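Thank you all for making time this morning. I would like to take you through one structure, so please have the sequence and the model open as I speak.

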Amino acid sequence: IADCLKGKVALVTGAGGSIGSELCRQIAEFGPKTVVLLGKGESSLYQIMQEMATLFPDISVETVICDVRNAPKIDSVFGQVKPHIVFHAAAHKHVNFMERDPDEAITTIFLGTRIVGEAARRHGVGRFVLISTDKAVNPTSVMGASKRLAEIEVQRLAEESEAEKYVTVRFGNV
């Protein structure tokens, strides 16, 4: 993974979340040129941006306030920052909330993955990593089903892409 990150531009969606912010910290250890923190929560992005500036002063950190469901803005961001690798961690994490608001699970998790993945393909991003969950295995909730659909979408993108590499990583007990 060091070769994928050293001196490169890494974009992390959901960068203010618990998983996204930890990814940012770990990515920075590999010496990227820039880490782009993308998320819709201003306070959480500000917090991880400040932490990154303190812990990794030699790494450029950019922030983008954006919902992954906003296709025109996602496309614009990819055109501007030109990431080499994308870690797509934007998602909801509370199953009970998603059962009450299933449209949020489906549009953020599945549709957001499609939008970010398609933008990555259009802009020639070399690698795309979907952060998924063990809840996608034999899903029993709207959130698990949404994550499984997102995984299937990444498989589709992988099959349709020639140069780009699309992968899914499942975290347990998220």
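I will go from the nonpolar core to one helix and end with a pocket.

What you see is a predicted model, in which local features need pLDDT of at least 70, side-chain atom pairs count only at pLDDT 80 or more, and totals for chains, interfaces and linings use all residues. Residues are numbered from 1 along each chain as its sequence is written, and side-chain values use heavy atoms, with hydrogens and water left out.

Let me begin with the core, meaning a set of buried Ala, Val, Leu, Ile, Met, Phe, Trp, Tyr and Cys residues joined through side-chain atoms within 4.5 Å, where buried is under 20% relative accessible area with a 1.4 Å probe and protein chains only. The largest nonpolar core has 28 residues, and those with the most contacts inside it include Leu11, Leu38, Ile74 and Phe128. Helix H6 gives the most to this core, with six residues; helices here are DSSP runs of H or I with at least four residues, strands are E runs of at least two, and both are numbered from the N terminus.

Leu38, if we set aside neighbours within four places in sequence, is in contact (heavy atoms within 4.5 Å) with residues including Leu11, Val64, Ile74 and Val77. Val64 itself sits in strand E3, residues 60-65, and counts as buried because its relative accessibility is 12%. Beyond four places in sequence, Val64 touches Leu38, Leu45, Lys73 and Val77, among others.

Turning to helix H7, we find 19 residues reaching 27 Å from first C-alpha to last, close to the 27 Å expected at 1.5 Å a residue, the expected span being 1.5 Å times one less than the number of residues. Among the buried residues of H7 are Met143, Ala150, Glu153 and Leu157, and what covers the buried residues of H7 includes H5, H6, E5 and E6. From H6, Glu118 is in contact with Glu153, Arg156 and Leu157, leaving aside neighbours within four places in sequence. Why does Glu118 count as buried? Its relative accessibility is 16%, so it falls in that class.

Of the 28 lining residues, Gly17, Ala89, Ala90, Ala91 and His92 lie nearest the centre of the largest pocket. A pocket is an open set of points on a 1 Å grid over the protein atoms alone, where a 1.4 Å probe fits, with protein on both sides within 12 Å along at least five of seven lines, and lining residues have an atom within 4 Å of a point.

Key. Buried < 20%, exposed > 50% of the residue type's maximum accessible area, 1.4 Å probe, protein only.
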